[in-house]
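Thanks for making time this morning; I would like to walk you through one model slowly, residue by residue. Please have a look at it first.

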Amino acid sequence: HSVQGTNAVSKFIGAQESMMRQTFDDVRAFSVNASSMDAHSMMSRHIELTYQVAMVQAQFNAGVYTAQSVKNGTQTLVKNQ
């Protein structure tokens, strides 16, 4: 953690958490409102949410992959010192 404030990793995690929470809220709202939507609106919103969830999942997986790569690189560097 940076002494001067938020570092890049903290900002990334915060942004990911915010996007994930927003996605969960959007899915909850859709489940509440779906019964009052017509079939076209419901299908359109379902497709939008599917893309949103897929994007969040892809970004999360990319972040995990990057963190693991950095960890492995750091371990190798320390081991070779």
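Let me begin with Thr23, which lies in helix α1, residues 8-33, where helices are DSSP runs of H or I with at least four residues, numbered from the N terminus. Please keep in mind that this is a predicted model, in which local features need pLDDT of at least 70 and side-chain atom pairs count only at pLDDT 80 or more, while totals for chains, interfaces and linings use all residues. Residues are numbered from 1 along each chain as its sequence is written, and side-chain values use heavy atoms, with hydrogens and water left out.

Is Thr23 buried or exposed? Thr23 counts as buried because its relative accessibility is 4%, and buried means under 20% relative accessible area, exposed over 50%, and partly exposed in between, with a 1.4 Å probe and protein chains only. Leaving aside neighbours within four places in sequence, Thr23 is in contact with Gln52, Val53 and Val56, contact meaning heavy atoms within 4.5 Å.

Turning to helix α2, residues 39-80, its 42 residues should span 62 Å at 1.5 Å a residue, and this agrees with the 61 Å between its end C-alpha atoms; the expected span is 1.5 Å times one less than the number of residues. The buried residues of α2 are Leu49, Gln52, Val56 and Gly63, and what covers them includes α1.

Finally, back in helix α1 we find Ile13, which counts as partly exposed because its relative accessibility is 48%.

Definitions and conventions
Helix = DSSP H or I, 4+ residues; strand = E, 2+ residues; numbered from the N terminus.
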